[in-house]
Amino acid sequence: MTPDLLRDSKVAVYGLAKSGVAAIRLLVEKGARVTAVDARSPEALGATARELEALGVTLVTAPPAPGLLEAHQLVVVSPGVPLALPELQAARRAGVPVWGEVELAGRCLAHVPLFGITGTNGKSTTTALTGELFAQGGGRTFVGGNLGRPFTEAALTPEGWDALVVELSSFQLEGIDALRPRGAALLNLTPDHIDRYADHAAYGAAKARIWRAQRDADFVVVNADDADVMRLAESAPGRVYGFSLTGQPVADAPRLVGLAVARPGGFLFEGVGEPGEAFTLTNRALRGGHNTQNAMAAALLARLGGVPHAAVQAGLDRYPGLPHRLESVRVLEGVEWVNDSKATNVDSVLVALRAFSRDVVLIAGGKGKGAPYAPMVEEGRGKVKAVLTIGQDAPLLAEAYTGVAPVHACGTLEEAVRQARALARAGDTILLSPACASYDQFQNFEHRGDTFKRLVGEL
């Protein structure tokens, strides 16, 4: 089914999270007759149910009856809904196309160059940064997808787009068929979503769907230091470009057309753009090796997508960073305060600590996830000068840091900020990187990070 055939077609949308509702708005605009399916009651759906009623959408708030989906000409699925559900499998067996929300958007925007980003870690930063680089190039750039703004919103905008920069999760990629990125990036691959996939190979296969519809003229950007990623890249139909912190891609890497290589203070291109093309990285929002990787991926996407070198460098310099991810809040009396509230597990704290060489006052704690704290203790040995604990897991953190760094039991974030101000000296960094969920004291990690920023701003 093509977008021009949606008028008067019967379409079911399964799942009424943000992307599902955005898909309904687009379908209604295209003239489709929509049935919305969600397990929540109209009362639980609240304003969403009222909006759907105003749009003339039929709402089904129970598991769909046998044959309901098969009676439609198309089913659009929100990414949180597993495609393995029996009713969706039955619809497919009956010949009904089952699309993800991003597939619907991609078909409606097939005339606009699309640049898709996936991977286990770093997707959001790389997507936001790539959007900044394209915007510096002067074009109208849509930035969204899994990052927060549903992709279908791009098709609802009356003005035209010059480029689409879209974060794509594995769940979203399961639901694509004809989505064709002009450039696709796979940043890394580590074990994740083990509750959804049979094994790591199945998870990787879902990620590799990002280039399934690409053609010879398209390109892929991949992490040349990640053996799993490079094995998957062998199936890419277009040109393959890599980025590397070491300059020595894994031995079994497919032939790379070009490579971005990290160097002190930035990175350079080999076989891409002008001979010896180089970029500097001085932006605090892009500190750390993980952000060097993100920056190299974004720069490759932008340059290969036609953005001039000067615009890419300007974007790298001006990128403000995403909230709650190594976000520099302020420098006060020579002390930098950094909000990394998004670090809700130990692995994320390891990434944060690697971005600093010394003199870190660490604020950590909250609702723990059961993982041992020993790895972050070792990573911070010699650079973490004090630990200020908050929340439910404070005693476990104190035990882990015994004999390694002084521990100050603060209980609340307010008290931790107060004690950090008293402890820190010029040249130190006060880092909120909790290694824990926030739900013992806050609504979510954003609430925790915003509270930290407010407290620091009031100093």
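Val361 sits in strand β17; helices (H or I, at least four residues) and strands (E, at least two) are DSSP runs, numbered from the N terminus. The model is a predicted one, so local features need pLDDT of at least 70 and side-chain atom pairs count only at pLDDT 80 or more, while totals for chains, interfaces and linings use all residues. Residues are numbered from 1 along each chain as its sequence is written, and side-chain values use heavy atoms, with hydrogens and water left out.

Setting aside residues up to four places away in sequence, Val361 touches Lys385, Ala386, Leu388, Ala420, Thr429, Ile430 and Leu431, where contact means heavy atoms within 4.5 Å. As for Ala386, 25 residues separate it from Val361 in sequence, yet the two are 5.0 Å apart in space, C-alpha to C-alpha.

Strand β17 belongs to an open sheet of six strands, ordered β15-β16-β20-β17-β18-β19, with mixed pairing; two strands pair if DSSP finds at least two bridges between them. At the edges stand β15 and β19 (407-411), each with a single partner strand, so one side of each is left without a neighbour in the sheet. From one strand to the next, the twist averages 20 degrees; axes here are lines fitted to C-alpha atoms, for helices over the stretch in contact, and angles run from 0 to 180 degrees between N-to-C directions. Six bridges pair β17 with β18 (residues 384-390) in the parallel sense, and Ala364 stands opposite Thr389 in β18.

On to β16, a strand with two partners. Five antiparallel bridges join β15 to β16, with Glu336 in β16 as the bridge partner of Val331. The hairpin of β15 and β16 has two residues between the strands, and Glu333 takes a positive phi near 55 degrees there. Toward β20, β16 runs parallel and is joined by four bridges; Glu336 turns up again, this time with Thr429 in β20 as its bridge partner. Five of the five residues of β16 are buried, so the strand is largely enclosed by the rest of the structure. Both faces are covered, with Val335, Trp337 and Asn339 buried on one side and Glu336 and Val338 buried on the other.

Helix α17 (residues 445-457) comes next. The buried residues of α17 are Phe445, Arg448, Gly449, Thr451, Phe452, Leu455 and Val456. Seen down the helix axis, they fall within an arc of 160 degrees, so they line one face of α17; the arc is that of the directions from the helix axis to the C-beta atoms. What covers these residues includes β15 (327-332), β16 (335-339), β17 (360-365), α16 (413-423) and β20 (429-432).

Helix α11 (residues 289-304) is mostly covered too, with 14 of its 16 residues buried. Those 16 residues should span 22 Å at 1.5 Å a residue, and the end C-alpha atoms are 23 Å apart, which agrees. After α11 comes Gly306, whose phi is positive, near 100 degrees.

There is also an open sheet of five strands, in the order β3-β2-β1-β4-β5 and with parallel pairing. Its edge strands, β3 (58-60) and β5 (98-100), each pair on one side only, and the twist averages 25 degrees from one strand to the next. Strand β4 (residues 74-77) runs parallel to β5 and is joined to it by three bridges, with Val75 opposite Val98 in β5. Packed on this sheet is helix α4 (residues 86-93), which touches β1 (10-14), β4 and β5 and makes about 125 degrees with the direction of β5.

Finally, the cores. A nonpolar core is a set of buried Ala, Val, Leu, Ile, Met, Phe, Trp, Tyr and Cys residues joined through side-chain atoms within 4.5 Å. The largest holds 56 residues, of which Leu27, Leu104, Phe151, Leu164, Trp211 and Val222 touch the most other members. Helix α1 (residues 18-29) supplies the largest share of this core, five residues. A second, separate core has 37 residues, including Val272, Ala285, Leu304 and Val312.

How values were computed: Buried means under 20% relative accessible area, exposed over 50%, partly exposed in between (1.4 Å probe, protein chains only). The expected span of a helix is 1.5 Å times one less than its number of residues.
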